Amino acid sequence: MQLYQTNELKIYNSITGEKEVFKPITEGYVGMYVCGPTVYSNVHLGNVRTFMSFDLVFRYLKHLGYKVRYVRNITDAGHLENDADVGEDRIAKKARLEQIEPMEVVQRYTVDFHNTLNKFNNLPPSIEPTATGHIIEQIEVINEIIDNGFAYVVNGSVYFDVLKFNETNEYGKLSKRKVEDLIHNTRETAGQSEKKNPQDFALWKKAEPQHIMRWPSPWSDGFPGWHLECTTMSTKYLGDHFDIHGGGMDLKFPHHECEIAQAEASTGISPVNYWMHANLLTLNGKKMAKSTGNNILPNEIFTGNNDILDKAFTPSVTRFFMLQANYRSILDFSNEALIASEKGFNRLMDAFHTINNLKTGSSSSFDSKLWKQSCYDAMNDDFNSPILIANLFEAVKQINLIKEEKATITQEDLAIIKETMQAFIFEVLGLQDERSAQDNSSDKLTGTVELLIQLRAEARANKDFATSDKIRDQLAALGVELKDGKDGTTFSLN
């Protein structure tokens, strides 16, 4: 029996505004799509929080025994500077400014994105499709929408007819916006005059002569609208109807609203059962954003090379900090919060390392089974990581009491504590035992230097002083100082 069969998971569904019991379309299987990055600059910590939130979801679903197909796209075309379908493609703009090919921009920042998430120990998705790799499929979806009467062609561009769609469907049901309000609140901008209505959005844009990224289509040489790629790739890999769609809170409107409309206009059915949105990470009380410069890059945290923090912090400490807030809550980034998180993280790891050294007895002063269930209850309540972490610290408290012989534990209960902490700290929360990694690296360094000391001793015994001196000098250049004494050679690190 899998864990999902004995755990009732509830997910806050953005479209209903309520926590709902999670029931996958196919028992034992979950299809999840998350909007990925637009790869035109380095990923900042606010972006990372969103992907870390859904990494937690992915990890817990897998822990419960579900087979999960997790699809997360790479936006490498079609994302204009302005959501009103005007402006310049962000990747093309970066390429123009740096005088390089757009795909060089894409490659550079896709690599940065992967490297950064890897440092935070995020699991890779099952499939990571790109917008440029699915131009043909996007054209097919546009044709379906046109054939169903919900889009129109003007001067080589194709626009989605929101008013026509709203006659038979409900545009705005995710963001709780009324089409009438959207009409009154939409600014008239250059390039919108060819639309029937200002709230209509582009499915395909005709490329201007200077536009670098362009593909042939039945309507013009151009590029797909930003919203279209996610509709196309999510349904291609998960089917017209799938379980979970996630993304940042800022994508709810217009991006996700447009996704719903496109899917319903092309297939006739609502695409997603559970919509999930991760909230913002703020800095100085304001949203982190590339466009405003109010952001901090992960490497600036790891190196301490920034004007915000007093010192450097590791990826696991930073991850621990972000998981101390529920994914739907706003979290403010500060030096004080990181310092507190580091202390908490170290306490958690110290306690976990203490478990194997605890003495067991014939009775327990701690109900480990009830505590274990409390950990599952927290995660089953819409992936409530802060409550889970609070429960883990209940175990930390008990471990320290047992260590001080102020509490008792049986071998069975201790095994439950260890197994549960192992599962939730490393498998579900995705934290890394950095101290063990450092200890392991230290052991490897010691073994390597001792081997070189042995080779040097053999060289000296054979009167091969050139090799002996070479080993000593090159180790010294690396910061390893050898000291010859009557009891042999020792070393120290400078």
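By class, the lining of the second largest cavity comprises 7 nonpolar, 3 polar and 1 charged residues, where Ala, Val, Leu, Ile, Met, Phe, Trp, Tyr, Cys and Pro count as nonpolar, Asp, Glu, Lys and Arg as charged, and the others, Gly among them, as polar. This is a predicted model, in which local features need pLDDT of at least 70 and side-chain atom pairs count only at pLDDT 80 or more, while totals for chains, interfaces and linings use all residues. Residues are numbered from 1 along each chain as its sequence is written, and side-chain values use heavy atoms, with hydrogens and water left out.

The residues that line this second largest cavity are R49, M52, S53, L56, M322, L323, A325, N326, Y327, F383 and S385. Two elements, helix 1 and helix 10 (315–323), each give two or more residues to the lining, and helix 1 supplies the largest share with 4 residues; helices (H or I, at least four residues) and strands (E, at least two) are DSSP runs, numbered from the N terminus. The volume of the second largest cavity is about 60 Å³, and the whole structure holds 4 cavities of 30 Å³ or more. On a 1 Å grid over the protein atoms alone, a cavity is a set of points where a 1.4 Å probe fits but cannot get out, whereas a pocket is an open set with protein on both sides within 12 Å along at least five of seven lines, and lining residues have an atom within 4 Å of a point. Grid points are joined across faces, edges and corners, and a volume is the space filled by probe spheres set on the points.

The protein chain as a whole has 16 helices and 17 strands, and its C-alpha trace spans about 90 × 65 × 40 Å along the principal axes. Of its 494 residues, 52% are buried (under 20% relative accessible area, with exposed over 50% and partly exposed in between, using a 1.4 Å probe and protein chains only).

E8 is found in the segment before strand 1 (10–13), and it counts as exposed because its relative accessibility is 53%. The C-alpha atoms of E8 and D377 are separated by 8.7 Å, although the two are 369 residues apart along the chain.
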